[in-house]
Protein chains: 2
Amino acid sequence: MKSIKIKSTINFQKLFSMWILAFVLVLSIQAQRPAAPRVPRIVSPEISADNKVTFRLFSKEATSVILTGDWMAAGVSQPLVKNDTGLWTTTTAPLKPEFYNYYFTVNGVRAIDPSNPKILRDGSRYSSALFIPGTESDEYAIKDVPHGTVAKVWYNSTSLKLYRRMYVYTPAGYEDTSNKYPVLYLLHGGGGDEDQWTTLARATYIMDNLIAGGKAKPMIVVMTNGNANQTSAVTDWPDVTDKNISGSGGGMTEEFPNSIVKDVIPYVEKHYRVLANKENRAIAGLSMGALQTQITSVNNPGMFDYTGVFSIGIQTEFGDLTTRLTKAYDENLDKIKKSGYKVFFVGVGKDDFVYEGVQLLRKKLDEHSFKYIYRETSGGHTWANWRIYLSEFAPMLFK
Amino acid sequence: MKSIKIKSTINFQKLFSMWILAFVLVLSIQAQRPAAPRVPRIVSPEISADNKVTFRLFSKEATSVILTGDWMAAGVSQPLVKNDTGLWTTTTAPLKPEFYNYYFTVNGVRAIDPSNPKILRDGSRYSSALFIPGTESDEYAIKDVPHGTVAKVWYNSTSLKLYRRMYVYTPAGYEDTSNKYPVLYLLHGGGGDEDQWTTLARATYIMDNLIAGGKAKPMIVVMTNGNANQTSAVTDWPDVTDKNISGSGGGMTEEFPNSIVKDVIPYVEKHYRVLANKENRAIAGLSMGALQTQITSVNNPGMFDYTGVFSIGIQTEFGDLTTRLTKAYDENLDKIKKSGYKVFFVGVGKDDFVYEGVQLLRKKLDEHSFKYIYRETSGGHTWANWRIYLSEFAPMLFK
């Protein structure tokens, strides 16, 4: 690399030109702190015309800086190289258009890219976000199209005895009509929370794009917290009491499906303009959320015309839970057929560690001559796949 | 420090007990990556009974780890000390109950605390959050009280020719009544955006607490983006086009007040159940937002019964803008008195660099015998002060 670039693609300095005095004063205060070294303006990440990506980090003191990105194969990482000014850089091979995440490891410590204000949280871990525009990622881009409203809503779960949070997406135009809308309930994976679909999967921007492009019907999307013992994402856990956030885990996975039916759906159908019938009700989830989706959908024949099972199946390793799920399939698949349904979607990556369980699910559905759509993608248990499944499942809904 | 603690106050592992197989597989994949070293479970920050706080970070490779927190005086920071296992620790003196932020500098690189999932963004910079419970911070705590809904809403600004985002807080109970509510418009500071009041100031949790405690009336709070050339916070800038996010800065500070009156208030009064009159309309802001608050309020006599000016005044350093603002005061203060108003609140810290400008504002108000409430706190241009001003201003509203 030649030298440190001065111009940033995100030019915060310019935004502050009104505030020069304040800024100078603040900087002068910070400059006195040894812990806040004056860092030259760095551009990172920088995407070249051929989709090579250059990452940069400034530190004279660091002796090891390593890049890890979710485009890399397991076991692979990429060191940055330091020049004599203290600027560390590395450039990737051309990357496929996609919404990636990455982080640096600076002398053994995981760190977000300090030059990149776009970050992502997965459970308790943060990464930096990298969006490479192109055909393959076009449906996941934040674009200049009408955006729905994303509301953080608290509701009482009488079945879980908790005051809990969920996200409710209402499509662009919801506030300007008196129309009623269909609803998709969208469940996150293990270790995640109600925030996960909106950030790592960009679900609301995917919906904006699909709806703006006429590919999906306008719909409400409800993103719940599937950890039955949590009030909310960890970012909003109470400071003062932790009585409600014990994290007992385990069997709670099966308690959440009950609360979807008992608490979540009634709340949504009472507080939003909803078409409250099975023809206009869909449920989908990824990984743990796909297990909860199966439990909810299969145990409630006549409730959902649309079910999306992303990246989990009938996993023998889940013991009694699997026995109960299998029994529910055997008892209820004929009832669901009889009550009528439209789409049962099963998606999995070829390299996913749940692949065999998904094949057992297919076998079970076939045993009962239960029609479903099967989508096998490349790759494994990844956000890239979950974005694909949502992008393909949502257009099938409510038609 | 004795040794690495195994038990975390935030026990994610337990949450995943259902997911052991998946987890083991994921860890085995991650373990193959040299860039993702296996890190022992660390508790950081840990608050002792006497409010000393211990920070911990694990790295065998790091040679310098420094803590910087906003409770420290300018120029002060605190090194962490490494033991022979690679665990770095430091413990503070007892800290006053408050909502703090801090970061580590690891071999010259600013980093969030990897053991703390609660983080804060200020413009393009991230810090870790530290809440110390106690009397002084009680109003800022996330508590088990009814929470309002926080919605991210997009609206067309015809005056700015931009499709833009704002946050709308509707108080707990809004969805369960047909009542109309008063509205507080709350403006952020320079370098911030529509996210700032909710995160760094915890405005929505402050409102939840004040309303639950009967100290403030239930009200809608609208938190706008005051950078007139931005669509939204940087986290949600478009990926595909940047035509709307040029960051031209400068005189745009004065264009936003016009759009509050032309676009924001009409949007809110059309789409929410609002008491749409001056008796039920308040505006307040901090720093740049306090300048925009003055411009909006003083140029629109009869529009707001309540005005809150937090940490800015008539700053001579702003040249023509200040000339125009001074002229507006001279022309309109008598009109505002004539139209009637309830509260004009001015708050500033004793050590704030805008202190003199605030005294000029007071002088101007006194010249016109214009009644106002003056609140002088200790400290400077800080979030601690803005949380105090909001906590004191909100209870004065709509009574």
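A residue counts as buried when its relative accessible area is under 20%. The model is a predicted one, and in it the buried residues of α8(B) are B:Gly357, B:Val358, B:Gln359, B:Leu361, B:Lys364 and B:Leu365. Their cover comes from several elements of chain B, including the helices α6 (288-298) and α7 (320-339) and the strands β16 (306-310), β17 (343-349) and β18 (373-377).

At 1.5 Å a residue, the 13 residues of α8(B) should span 18 Å, and the end C-alpha atoms are 19 Å apart, so the two values agree. After the helix comes B:Ser369, with a positive phi near 50 degrees.

B:Gln359 lies in helix α8, which covers residues 355-367 of chain B. Its relative accessible area is 19%, so B:Gln359 is buried. When neighbours within four places in sequence are set aside, B:Gln359 is in contact with B:Val348, B:Tyr374 and B:Glu376.

Chain A has a helix α8 too, made up of residues 355-367. This helix has 13 residues and reaches 19 Å from its first C-alpha to its last, close to the 18 Å expected at 1.5 Å a residue. In α8(A), the buried residues are A:Gly357, A:Val358, A:Gln359, A:Leu361, A:Lys364 and A:Leu365. Among the elements of chain A that cover them are α6 (288-298), α7 (320-339) and β17 (343-349). The residue A:Ser369 follows α8(A), and its phi is positive, near 50 degrees.

Four bridges link β13(B) in the parallel sense to strand β14 (residues 220-223) of chain B, where B:Leu184 stands opposite B:Val221. Strand β15 (residues 281-286) of chain B runs parallel to β13(B) as well, joined by five bridges. There, B:Leu184 has B:Ala282 as its bridge partner.

Four strands in the order β1-β2-β6-β5 form an open sheet with antiparallel pairing. Its edge strands are β1 (46-47) and β5 (81-82), each of which pairs on one side only. Strand β1(B) is joined by two bridges to β2 (residues 53-58), and the two run antiparallel. Within that pairing, B:Glu46 has B:Thr54 of β2(B) as its bridge partner.

Finally, which helix holds B:Lys262? This residue is found in helix α5, which spans residues 252-271 of chain B. The cut-off for an exposed residue is a relative accessible area over 50%. At 53% relative accessibility, B:Lys262 therefore counts as exposed.

Notes:
Residues are numbered from 1 along each chain as its sequence is written. Chains are lettered from A and ligands numbered from 1 in the order in which they are written. This is a predicted model: local features need pLDDT of at least 70, side-chain atom pairs count only at pLDDT 80 or more; totals for chains, interfaces and linings use all residues. Side-chain values use heavy atoms; hydrogens and water are left out. The expected span of a helix is 1.5 Å times one less than its number of residues. Buried means under 20% relative accessible area, exposed over 50%, partly exposed in between (1.4 Å probe, protein chains only). Contact means heavy atoms within 4.5 Å. Two strands pair if DSSP finds at least two bridges between them.
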